Structure formats: C-alpha cells, structure tokens
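Q: Hi! I'm new to this one and would like a friendly tour. Could you show it to me first?
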Amino acid sequence: MTAMDFFLDSGLIYGLVDERDRHRTRIQIFFEYLDFDSHNFVSTRRVVDRELKNIRRKRTEGVSREEREYQRMWTHLLDIIGDVDYIEHYLFDRLFPNIREVLENNKQDDNPKDRDADLLSNAYLWDYHRDELDTPQFVTIDRNDIIRNQHEIKNAADICLSCDSQLQMTPV
C-alpha cells in the first residue's frame, strides 16, 4: 500500500489518548489499519494543543497524575505527526471566515466552530500547496458538523482558493 497523507482532527488525537473517549474503538481500528510508520500524519499543533488542554481540564478536574499522563501522551503523539500551520498565509484570512460561516450556519450544537474552521482552513491550504500529497484526507470523528457539510465546506474552500481541492473528508 502506498503511503497516504492524513490531516488529523483534534478529536481523533484526543480519542487516542483518552481511554474513556466514546470514539476510541473506531480510532484504534483506524490506526491499526493505517499505522504511523507507513503513512504521513499532520495537524495544526497550535489548535490541537489549545483544544486538548481545554478538554483535559473538563475531564480530569483535580486528577493531577492522570492529567500529567494525558499531557505526556498527547505531547508524544504531536511529536510523531507533522505540524501544519498556515495562519500567516495571505489566503488564510479569506478562507477561515468562509469555512467558519458554513459550520456556524449548519451546526448541530451550541459550540463555536472556530477551532474546526481553523483546522479545516489549514488542511485546505496544506492540500493547496502540496502537489506531492498522495490522496490527502481530513480525518475526523465529527460526522454532524464536518462530514454532513463536507460538500458545502469544499465549495467554500474551492471558491477562496480558486481551485478544485483534492482534500477528502474521512469519517472515523
């Protein structure tokens, strides 16, 4: 099998770290089939780190030993995967608000969609600038906001980038 290129949603990373995560079984199956040694995995460390710290505080309130273990595990995981961050790119300021608008207009909960829009904007710019990517995939556990709206998200990205992006949405 050819090495494929994957951009990871933060939920996928947390699911690998937290044994209580409801998506954990599906995430483990995904990484057993597509392991770290044979494929290329990236994410935006700045966004993932902020989101995981936020989730960790909620899930491990007052459990310092467990908290340190989560920190160690996700720091190790983020060291394994590549860091992709195009926040300074001239197209980011046009792409981000358009993707965020699609997500906000179609969201299934009350949570703001800034982090999802940030990760997706980086993923589309990653695809836009990397001709050598092999079947680029955005891997997510978010079926409600991202997978369900993937065609509208892609249209918004394609308009901003003036191209036909190759990035595919992959649900786990």
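Q: Thanks! How are helix 1 and helix 2 oriented to each other, roughly parallel or roughly perpendicular?
A: Before I answer, please keep in mind that this is a predicted model. Helix 1 (residues 10–17) and helix 2 (residues 24–33) have axes that cross at roughly 95 degrees, so the two helices are roughly perpendicular to each other. Their axes come within 9 Å.

Q: Which residues meet where helix 1 and helix 2 touch?
A: From helix 1 you have Gly11, Leu12, Gly15, Leu16 and Val17, and they meet Arg24, Ile27, Phe30 and Phe31 of helix 2. By type, the contact of helix 1 with helix 2 has six nonpolar residues, two polar and one charged.

Q: I was looking at Val102. Where does Val102 lie?
A: Val102 lies in helix 5, which spans residues 92–105.

Q: Is Val102 buried or exposed?
A: Val102 counts as buried, because its relative accessibility is 8%, and the cut-off for buried is under 20%.

Q: What does Val102 touch, leaving out residues up to four places away in sequence?
A: With those left out, Val102 touches Asn149, Glu152, Ile153 and Ala156.

Q: How far apart are the C-alpha atoms of Val102 and Leu119?
A: They are separated by 14 Å, and the two residues are 17 residues apart along the chain.

Q: New topic: charges. How many salt bridges are there?
A: The count comes to 10 salt bridges. As background, side chains of opposite charge can pair when their charged atoms come close.

Q: Which residues are linked with Arg46 in a network of salt bridges?
A: Arg46 is linked with Asp85 and Asp118 in such a network. In the pair of Arg46 and Asp85, the closest N and O atoms are 2.7 Å apart. Arg46 lies in helix 3 (residues 45–59) and Asp85 in the loop between strand 3 (82–83) and helix 5, so this pair ties together parts that are 39 residues apart in sequence.

Q: What about the other pair, Asp118 with Arg46: what is the N to O distance there?
A: It is 2.9 Å between the side chains of Asp118 and Arg46. Since Asp118 lies in helix 6 and Arg46 in helix 3, that pair ties together parts that are 72 residues apart in sequence.

Q: Which residue does Asp164 form a salt bridge with?
A: Asp164 pairs with Lys154, and their closest N and O atoms are 2.6 Å apart. Asp164 lies in the loop between helix 8 (150–161) and strand 5 (168–171) while Lys154 lies in helix 8, so the pair ties together parts that are 10 residues apart in sequence. Asp164 is exposed, with a relative accessible area of 54%.

Q: Last topic: backbone angles. What is the phi of Thr135?
A: Thr135 has a positive phi of about 40 degrees, although it is not a glycine. Thr135 sits in the loop between helix 6 and strand 4 (137–140) and counts as partly exposed at 39% relative accessibility.

Q: And what is the phi of Ser162?
A: Ser162 has a positive phi of about 50 degrees, and it is not a glycine either. Ser162 is found in the loop between helix 8 and strand 5, and at 67% relative accessibility Ser162 counts as exposed.

Key. Residues are numbered from 1 along each chain as its sequence is written. This is a predicted model: local features need pLDDT of at least 70, side-chain atom pairs count only at pLDDT 80 or more; totals for chains, interfaces and linings use all residues. Side-chain values use heavy atoms; hydrogens and water are left out. Helices (H or I, at least four residues) and strands (E, at least two) are DSSP runs, numbered from the N terminus. Buried means under 20% relative accessible area, exposed over 50%, partly exposed in between (1.4 Å probe, protein chains only). Contact means heavy atoms within 4.5 Å. A salt bridge is a side-chain nitrogen of Lys or Arg within 4 Å of a carboxyl oxygen of Asp or Glu. Axes are lines fitted to C-alpha atoms, for helices over the stretch in contact, and angles run from 0 to 180 degrees between N-to-C directions. Angles under 35 degrees count as roughly parallel, over 145 as roughly antiparallel, 65 to 115 as roughly perpendicular and the rest as oblique. Ala, Val, Leu, Ile, Met, Phe, Trp, Tyr, Cys and Pro count as nonpolar, Asp, Glu, Lys and Arg as charged, and the others, Gly among them, as polar.
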